[in-house]
Amino acid sequence: MAATLCVKLLPKQGWLPLTQSVRHGSKAVTRHRKPMHILKQKLLAVTQYIPPKRVVPAGAYPSQNRKVQEDSGLALLLKKQLKSIFQDCKMIAVVQNNATNSEDMIILRHRLYKHGITVKFFPNQVMRSFLNDSMHSNMAPLFIGPTVLFVSKEPKPREMLVTLRGSPQMTLLGACIENTLLSAQGVVTYSKLPSVTVVQGELVSGLTMLTSHTASMLQRHPAHLSALLQQYLKQQSPDSSAEGTAKSEEAA
């Protein structure tokens with residue numbers, strides 16, 4: 001009996017329920033914040049909790065005050081030597097040293113010394129510090145890595161380039177010749193220029209030729225003028241006029 005009642009009450013498979021739950025009510029959005037009175041806003045701003053600053057132990061962070069590093073005695077001495085080099089030498093070349101051994105360096109220094117060129121070694125840090133305060137500040141980018149200075153009191157780029165051909169480990173980066181900064185290609189172009197003695201000889205020969213032409217021209221005009229005057233005087237003389245009339249009569 002109980003089983004038959006349960007079977008009658010339970011819905012059959014595939015049938016829809018007789019009652020369905022439908023949601024009724026307002027569809028308005030309730031997530032917007034309600035406007036707050038201005039006095040309440042001020043009260044909340046005044047009573048807001050401000051946590052105290054965290055106490056940092058001394059020495060945890062580096063100090064913001066910059067420490068001015070003073071040059072050592074050796075650095076000052078090297079800067080003094082650099083100042084004298086830039087004042088006395090007319091050619092200062094910067095060459096990169098690509099792992100040259102001591103024997104090759106000695107041979108190179110000996111070959112350069114024959115032409116009056118000296119090899120100098122200075123740390124890059126000292127060089128940059130010196131160049132930043134001088135008129136040759138544009139040379140500072142050349143001093144990167146192991147570098148060497150070739151200095152001479154007279155500009156001798158041709159002899160330097162010929163000597164560097166025998167040392168492939170040494171690469172020319174640039175040079176300052178007679179207070180003019182040149183690249184490696186500029187040094188090669190400068191070396192192809194004629195020497196000062198040749199230029200002076202050409203200048204003297206050109207000036208001599210010009211003066212000789214001027215003197216000949218000045219002498220020619222007075223001679224030509226005197227010849228014309230003499231011819232005019234001969235034509236105006238009475239003897240020449242009588243001879244001219246006699247010749248005209250004979251011709252007639």
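Is Ala75 buried or exposed? Ala75 is buried: its relative accessible area is 12%, and the cut-off for buried is under 20%. The model is predicted.

## Overall fold

The protein chain holds nine helices and five strands. Along the sequence they run α-α-α-β-α-β-α-β-α-β-β-α-α-α.

## Burial and surface

The protein chain has 252 residues, and 20% of them are buried.

## Helix H3 and Ala75

Helix H3 spans residues 73-88, and Ala75 sits in this helix. Ala75 counts as buried because its relative accessible area, 12%, falls under the 20% limit.

Pro123 lies 48 residues from Ala75 along the chain. Their C-alpha atoms are separated by 9.3 Å.

## The aromatic pair

The structure holds one aromatic pair. Its partners are Phe86 and Phe130. The ring centres are 5.6 Å apart, with 40° between the planes. That geometry is classed as tilted.

The pair links distant parts of the chain. Phe86 belongs to helix H3, and Phe130 belongs to helix H5, residues 124-132.

Conventions. Residues numbered from 1 in each chain as written. Predicted model: local features only at pLDDT ≥ 70, side-chain atom pairs only at ≥ 80, totals over all residues. Heavy atoms only, no water. Helix = DSSP H or I, 4+ residues; strand = E, 2+ residues; numbered from the N terminus. Buried < 20%, exposed > 50% of the residue type's maximum accessible area, 1.4 Å probe, protein only. Phe/Tyr/Trp six-rings, centres within 6.5 Å; stacked < 30°, edge-to-face > 60°.
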